[in-house]
Amino acid sequence: MELETLFSPKKIGNVEIKNRIMRSPTFVARASEDGFLTDDYINYYTEVAKGGVGLLTPGTMLIDQAGAGIAKAACLYDDKFIEGHKRFVNSVHENSEAKVASQINHTGNNAGKPGVELVGPSAKWNPAFKKECRELTAAEIEQIIKNFVAGGRRVYESGYDLVELHGAHGFLLSDFVSPFANTRSDDYGGTTEGRCKILVDIYNGLRDITDKNFPILIKLNVQDYLPGGLTFEEGKEIVKILIDTGYDAIELSCGRVSTKFTGGKRYPALTVSSPEEENFFLPFAKELKPLMKDQPIILMGGIRNPITADEILRKNYADFVSMGRPFIHEPDLPNRWKSGDLSPAKCISCNQCFTTQRPGPVYCVVKRKAEERS
Ligand SMILES: Cc1cc2nc3c(=O)[nH]c(=O)nc-3n(C[C@H](O)[C@H](O)[C@H](O)COP(=O)(O)O)c2cc1C
C-alpha cells in the first residue's frame with residue numbers, strides 16, 4: 001500500500017496516534033477576546049479532527065495572565081476556562097479518532113496584545129515593538145513555573161490526550177534557552193544546563209501532578225539563526241538534556257516569529273516555492289534522531305508531499321510529520337491523501353495567512369480569492 005508508514009499508528013508515551021500526521025499548533029484567532037473557547041473555535045477544530053489528522057494541536061494556549069499577549073488566543077490561566085476545554089476535547093473525541101494536545105505558552109517578549117508587558121530572562125531591545133523587554137526576577141520565574149504546572153494540570157483535567165510546551169519562536173521558554181535572549185548569571189542562566197532549568201523544573205512539576213503516562217512534549221528551537229543566538233551544536237545538547245529529563249517527544253523548530261530580528265526571514269515558516277525547499281528542517285531531524293532514545297522526534301516545516309513524507313518516516317529520519325499552514329488551506333488534507341489523491345498540499349506557503357491573525361479569524365488568502373473569483 002502506498003503511504004503505508006504515513007498512515008501507520010505509533011505511540012507517543014503510552015498514547016497511540018492513529019497515523020504519523022500532526023497538526024502543528026497554529027493559532028487561528030477564534031477564541032473570545034477574553035480567551036474563552038467559542039462555538040466557532042470548537043466547530044473549526046472539530047472539522048480539522050474529522051479531516052483525518054492523527055494528532056491535532058490547536059493554536060497556542062496561554063497559561064499565565066501576565067503572559068497572555070495574543071488577542072483571541074485560548075487561555076488556561078484559571079479554572080474558569082476548563083469547562084470550555086472539556087466541551088472541545090469531547091467534541092474531538094466524539095467526532096473523530098484524532099488525539100488532541102494543548103500547547104501551553106507564556107508570550108514573554110512576543111506579546112503583541114496592547115497592555116501586556118514584554119518580559120524575558122534578560123532585558124533586551126525588541127525591534128518589532130520598538131521597546132525593551134523587562135528582565136524577570138528569580139521570584140517571578142518561580143511563579144511562572146508554578147503557572148505552567150497549573151496550566152498543565154488544567155490541560156490534563158480538561159481531558160486532552162497530551163500537553164506540549166511552547167519552547168520555540170521567541171516566546172518566553174525559548175528565550176530562556178537562547179544565549180541571545182538569556183544573559184543571566186543566576187540558576188536560570190549562565191550555562192546550557194542553567195538556561196534549560198526552567199524546562200526541567202516545569203517538566204518535573206507537571207510529572208508530579210499528572211498521571212505518569214500523560215505525555216509531555218515540547219516544541220523546541222534547536223537553532224536561533226541570530227548572531228550570538230542558539231547554535232545547532234548547543235541545540236543538540238539541549239535535546240539530550242530534555243530527553244534525559246523524560247520529555248516524551250520533541251517537535252523541532254528554529255528561529256523567531258518576528259522577522260525584525262532575522263533580517264526579514266521568518267524561519268519557522270519559510271516560503272516553499274519548489275520541491276527542493278520542502279522539509280526544510282530535515283537535516284536537523286536526521287542528526288537529532290539518534291539522540292532520541294525511545295522518544296519520537298516530530299519533523300515540522302515545509303512538509304507538503306505525502307510521498308516524500310512517507311519516505312522520511314520509512315527511512316527513520318523522523319517518527320511523525322507535522323504541518324501548520326497546509327491545514328489552513330485544507331483541513332481534510334490527511335483524508336485526501338489517504339483516499340489516493342497524492343498530489344502535494346495546495347498551500348503555497350505565501351504566509352499571507354499571518355496577516356489575517358488580526359482581527360482574525362485566520363484564513364487562507366489565496367483560497368478565499370480563488371473562491372471569490374469562481
Ligand atoms: C497563522 C499561523 C499561526 C501559527 N501559530 C502557531 C502557534 O500558535 N504555535 C506554534 O508553535 N507555531 C505556530 N505557527 C507555526 C506553525 O505551527 C508551523 O510551525 C509553521 O507554519 C511551519 O510549518 P508549515 O510549513 O507546515 O506551515 C503558526 C503559523 C501560522 C501560519
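By class, how many nonpolar, polar and charged residues does the shell around the ligand have? Hold that thought while we walk through the chain. What you're looking at is a predicted model: local features need pLDDT of at least 70, side-chain atom pairs count only at pLDDT 80 or more, and totals for chains, interfaces and linings use all residues. Residue numbers start from 1 along each chain as its sequence is written.

Let's begin with the overall build. The chain holds eleven helices and 15 strands (DSSP runs numbered from the N terminus, with H or I for at least four residues making a helix and E for at least two making a strand). Its radius of gyration is 19 Å, close to the 21 Å that the globule rule gives for 374 residues, so the chain is as compact as a globular protein of that length. That radius is taken over C-alpha atoms, and the rule is 2.2 Å times the number of residues to the power 0.38. Of the 374 residues, 51% count as buried, where buried is 20 or more other C-beta atoms within 10 Å of a residue's own, exposed is 12 or fewer, and partly exposed is in between, with C-beta atoms placed from the backbone.

Now for the ligand. It is surrounded by 25 residues, and the closest are S24, F27, T60, G324 and R325; to be near, a residue needs its C-beta atom, placed from the backbone, within 6 Å. Back to the opening: the shell has twelve nonpolar, eleven polar and two charged residues. Here Ala, Val, Leu, Ile, Met, Phe, Trp, Tyr, Cys and Pro are nonpolar, Asp, Glu, Lys and Arg are charged, and the others, Gly among them, are polar. Strand β3 (21–26) and helix α9 (325–329) each supply at least two shell residues, and the largest share, three residues, comes from β3.

Next, take a look at α2 (residues 82–95). Its buried residues are G84, H85, F88 and V92. Seen down the axis of α2, they fall within an arc of 100 degrees, so they line one face of the helix; the arc is that of the directions from the helix axis to the C-beta atoms. E83 and E94, on the other side of α2, are exposed. The buried residues pack against α1 (39–50), β4 (55–58), β7 (99–105) and α3 (138–158), with contact meaning C-beta atoms, placed from the backbone, within 7 Å.

That brings us to α3. Its buried residues, including I141, F148 and V155, pack against α2, β7, β11 (162–167) and α5 (192–209). Just after α3, G159 takes a positive phi of about 100 degrees.

Notes:
Two residues are in contact if their C-beta atoms, placed from the backbone, lie within 7 Å.
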